[in-house]
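Visitor: I'd like to learn how to read a model like this one. Could you walk me through it?

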Amino acid sequence: MNSAQALDVTPTPLALLLLGRGSDPASERGVDCPGDLPAPSDPDLVERARAAKAALGDRLFVLGHHYQRDEVIQFADVTGDSFKLARDAAARPQAEYIVFCGVHFMAESADILTTEAQRVVLPDLAAGCSMADMATAEQVAEAWDVLTDAGVAGRTVPVTYMNSSADIKAFTGRNGGTVCTSSNARRALEWAFGQAGEDGKVLFLPDQHLGRNTAVRELGMSLDDCVVYNPHRPGGGLTADQLRRARMILWRGHCSVHGRFSLDSVDEVRARIPGVNVLVHPECRHEVVAAADHVGSTEHIIATLDAAPAGSKWAVGTELNLVRRLAARYADQGKEIVFLDRTVCFCSTMNRIDLPHLVWSLESLAAGKVVNRIQVDPATAHDAALALDRMLALP
């Protein structure tokens, strides 16, 4: 008898997806990976990856997100955050194959920004993003109807975080909005409010924390200017009057990694390491960001630690793979870099890209077989590109 039977409960389809069972091609998670993967214990995996990559030569371009495992990142031609990597892919039109070691929404963006002749491959189709899954096209369309009924849709501009599906980017593009990253969220919001006009509003998708932190810390708004739309409650859990008064309508979504950091984490590390600098990502909760010494995107975090003086101490609130890599990189400079929380936390879906999946995808391409290709349908790609292009045009 399994645990579900013992408790006399029936797992929901979503629960099965979260457990890695079943499949849903439209979801960021829970898609089976076909093919016979090499065993993780195979001692020749590194050499097999090198050989396959060498055989493909300039036809191949491997992108590695900062949160990837070290065993994977060693084979990346470039590393970076999600949008930097998508732009890097678009800048390599001669590469026939783009192998994206990241998650699903990143590979979608790469497919949108690259040429029709290029093929984007995600080594494991189940490498998704829980945040991106928190806003579906159907939910957002329903939310727009709620805003319309409240009489505010006409002066609301949608802004979606890069960490969203192609469908959500397409919705944003169709409705005059833009995409943003954690690096340019302020510029995106300033642009959006300029477009919305007097008494304008922004619908910020899908990460409430980045939207709130940017509005309050960067644009000088108050917490009272922000409301949270919950797609699982009728009308988003908001009254028409609340929607009319709000300036920022935040989607109820979050990052499962950055959302785990708490004010207790900050207090504990300050007590444990006197003189420590707390450096966090803006996807963290507002109270954590308010208590930190420095806040910024993944690229900002790297730049800050690179410029930090020898002997300085840092507690970093972002994904553990990156924090460990940075700690090792700067150890010989006497910089002490620790993870903000005592509990180990990797991005579980990002970590699905491992060496066996990478070897399998590279060897398949070397043998002339394209596997796990990510293709965004033309209509969705067109509308999503509108939002992405507006971001690229931001000052």
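Visitor: Which residue just after α17 takes a positive phi?

Guide: That is G368, with a phi of about 90 degrees. Do keep in mind that this is a predicted model.

Visitor: How much of the chain can I read with confidence, then?

Guide: Start from the pLDDT: the protein chain has a mean of 89, and 91% of its residues reach 70 or more. Over residues 1-31, however, the pLDDT is below 50, although this stretch has 42 contacts in the model beyond near neighbours in sequence.

Visitor: Is α17 mostly covered or mostly uncovered?

Guide: Mostly covered: ten of its twelve residues are buried. Among them are L355, H357, W360 and S364.

Visitor: Which elements do the buried residues of α17 pack against?

Guide: They pack against helices α3 (45-56) and α4 (70-73), and against strands β1 (60-65), β3 (97-101) and β4 (119-121).

Visitor: Now a loop. Is P309 buried or exposed?

Guide: To decide, compare the relative accessible area with the cut-off: exposed means over 50%. P309 has 53%, so P309 is exposed. This proline lies in the loop between α15 (298-307) and β12 (313-317).

Visitor: How far apart in space are P309 and G334?

Guide: From C-alpha to C-alpha they are 8.7 Å apart, while 25 residues apart in sequence.

Key:
Residues numbered from 1 in each chain as written. Predicted model: local features only at pLDDT ≥ 70, side-chain atom pairs only at ≥ 80, totals over all residues. Heavy atoms only, no water. Buried < 20%, exposed > 50% of the residue type's maximum accessible area, 1.4 Å probe, protein only. Helix = DSSP H or I, 4+ residues; strand = E, 2+ residues; numbered from the N terminus. Contact = heavy atoms within 4.5 Å. pLDDT = per-residue confidence, 0-100.
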